[in-house]
Amino acid sequence: MIIGIKRAVAFARAWEAGPKGILERELEIQRGDRPIPVTLAVPDPPREACPAWVVLHGVTRPGRHHPVLVRFLRSLAGTGAVVLVPEIPEWRELYLAPDEATATVRASVSYLEDQGLARDGKVGVMGFSLGVPQVLLSATDPVLRERVAAVAGFGGYGDLDRTIHFLFRGVHEWEGRTHCLEPDPYGRWIVGGNYLTSIPGYEGAGDVSQALLRLAKAAGDVQVGAWDPRYDGLKEELMGGIHPTRRELFRAFAPASGSVPSYEKARELVPALAQAARTAVPHSEPLRFLDRIFTPVRLVHGRGDRLIPFSESLRLAETFPPGADVRAHLTGLFSHSKADGDAVGIEERLNFLRILADLLTLI
């Protein structure tokens, strides 16, 4: 635990003041039949037997260049770890593409091993947001099972129906208590853009799904929250390219800022979208394969998260088989819709140090 505390303090110092003693490089590695760019950070000067992490960015336009992720990468490297952040091009285009995630982890782990950067041949894998199920899935891959030492996920989900319900209604439940938040519409746009046309009866709604992805890309490109009124003009512009019979469907995903989706339409769409996702990608719901994960798992979630509710990480942890080495932590930091935690008090900062200490002792 002492090692974990030291690493957590080093992370916090690097987060606040910037890291020292790291070398950061932009490289390419081979993923199947295509090269993908990666960011690699290593201790400088080199050290022996460093922990090594592969970190997957979320489904965002900036990808591995997202400012918060860059800060996280450098802070993690500031603990004396080797950190590799691969690009997943499909995720930058906002396509969920889960199979590409496992291929990317395979390529990244192989690169670290080939370069002698993986201590004892073991690597930890981290994921964020919609990428968390994919890093969990990578731990079940026969090619990776003995090479991935631990998995960590920030802001992930477990149950598709509950998660998509929250995206429309902003309501979630844990231990008999109901919690209500204004949901971040970005998640609705991503889910609709990827799975709407897979719902029976909506196969011809490609104009709506493409408009939703355009909205999400616009929010990702300018890095301003998807709930901001500035997107109302774009919504009206996109509406002009949607068949009149499907404009109410578009509004169900993207009403004017400050408005909530139609309750009746949401009640229809939520189970249909969840089933479409399960049908298109059976392993998009991690509750189905948790019994095949044998590595330690740490899950971290922001209490005020408006994109994926904190109850999803708690539910994930609770659903692992008895005896699994899994822990879930809640924090006032690192929510999807809040980039920083500068306003939180000392108690919350100490809590996050404890979380880091637990996570950073995994490898």
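This tour moves through a predicted model, naming at each stop what to select and what is found there.

**Stop 1: the largest nonpolar core**

Begin with Leu112, Leu136, Leu196, Phe250, Leu269 and Leu273, the residues with the most contacts inside the largest nonpolar core, which has 86 residues. Next, colour helix H8, which contributes eight residues to this core, the most of any element.

Now centre the view on leucine 273. Beyond its neighbours within four places in sequence, leucine 273 is in contact with Ile164, Phe168, Val191, Gly192, Tyr195, Leu196, Ile199 and Phe253.

**Stop 2: helices H6 and H11**

Select helix H6 (residues 160-169) together with H11. The axes of H6 and H11 are 9 Å apart and the helices pack at an angle of about 145 degrees. The crossing of H6 past H11 is right-handed. On the H6 side, display Leu160, Asp161, Ile164, His165, Phe168 and Arg169, which make the contact. On the H11 side, the contact is made by Tyr263, Ala266, Leu269, Val270, Pro271, Leu273, Ala274, Ala277 and Arg278.

**Stop 3: helix H12**

Move to helix H12, residues 311-319. How much of H12 is buried? Seven of its nine residues are, so the helix is largely enclosed by the rest of the structure. To see them, select Ser311, Glu312, Ser313, Leu314, Arg315, Leu316 and Ala317. The cover over these buried residues includes helix H5 (132-138), H6, strand S7 (171-174), S9 and strand S10 (326-331).

**Stop 4: asparagine 194**

Select asparagine 194, which lies in helix H7 (residues 185-195). Asparagine 194 counts as buried because its relative accessibility is 16%, below the 20% limit for that class. Its side chain reaches the backbone oxygen of isoleucine 190 at 2.9 Å. Leaving out residues up to four places away in sequence, asparagine 194 touches Leu94, Tyr95, Leu96 and Leu213.

**Stop 5**

Across the whole structure, a search finds 29 salt bridges. Side chains of opposite charge can pair when their charged atoms come close.

Display arginine 61 and glutamate 93, which form a salt bridge with their closest N and O atoms 3.4 Å apart. This pair links distant parts of the chain, 32 residues apart: arginine 61 is in the loop between strand S3 (52-56) and helix H2 (67-77), and glutamate 93 is in the loop between helix H3 (89-92) and helix H4 (98-114).

Lysine 217 is in helix H8 (residues 206-222) and glutamate 93 in the loop between H3 and H4, so the pair ties together parts that are 124 residues apart in sequence. Is glutamate 93 buried, partly exposed or exposed? Its relative accessibility of 35% places it as partly exposed.

For a linked group, select Glu26, Arg64, Glu87 and Arg92, which are joined in a network of salt bridges.

**Stop 6**

Go next to arginine 251 and glutamate 248. Their salt bridge has its closest N and O atoms 2.6 Å apart. Both residues are in helix H10 (residues 247-253), and because they are three residues apart, about one helical turn separates them. Residues three or four places apart in an α-helix point the same way, because there are 3.6 residues a turn. Arginine 251 is partly exposed at 33% relative accessible area, whereas glutamate 248 is exposed at 55%.

**Stop 7: phenylalanine 154**

Select phenylalanine 154 in strand S6 (residues 148-154). Phenylalanine 154 is buried, with 5% relative accessible area. Its C-alpha atom is separated by 8.4 Å from that of glycine 302, a residue 148 places away along the chain. Apart from residues up to four places away in sequence, phenylalanine 154 touches Phe72, Met126, Gly127, Phe128, Ser129, Val132, Val300 and Leu359.

**Stop 8: threonine 295**

Finish at threonine 295, in the loop between helix H11 (263-280) and strand S9 (297-302). Its relative accessible area is 11%, and threonine 295 is therefore buried. Not counting residues up to four places away in sequence, threonine 295 touches Ala139, Arg145, Val148, Ala149, Ala150, Val151 and Asp325.

Notes. Residues numbered from 1 in each chain as written. Predicted model: local features only at pLDDT ≥ 70, side-chain atom pairs only at ≥ 80, totals over all residues. Heavy atoms only, no water. Helix = DSSP H or I, 4+ residues; strand = E, 2+ residues; numbered from the N terminus. Buried < 20%, exposed > 50% of the residue type's maximum accessible area, 1.4 Å probe, protein only. Polar contact = N/O pair within 3.5 Å; in protein donor to acceptor, adjacent residues only side chain to side chain. Contact = heavy atoms within 4.5 Å. Salt bridge = Lys/Arg side-chain N within 4 Å of Asp/Glu carboxyl O. Core = buried A, V, L, I, M, F, W, Y, C linked by side-chain atoms within 4.5 Å. Axes fitted to C-alpha atoms, helices over the stretch in contact; angles between N-to-C directions. Left-handed = near helix turned anticlockwise from the far one by under 90°.
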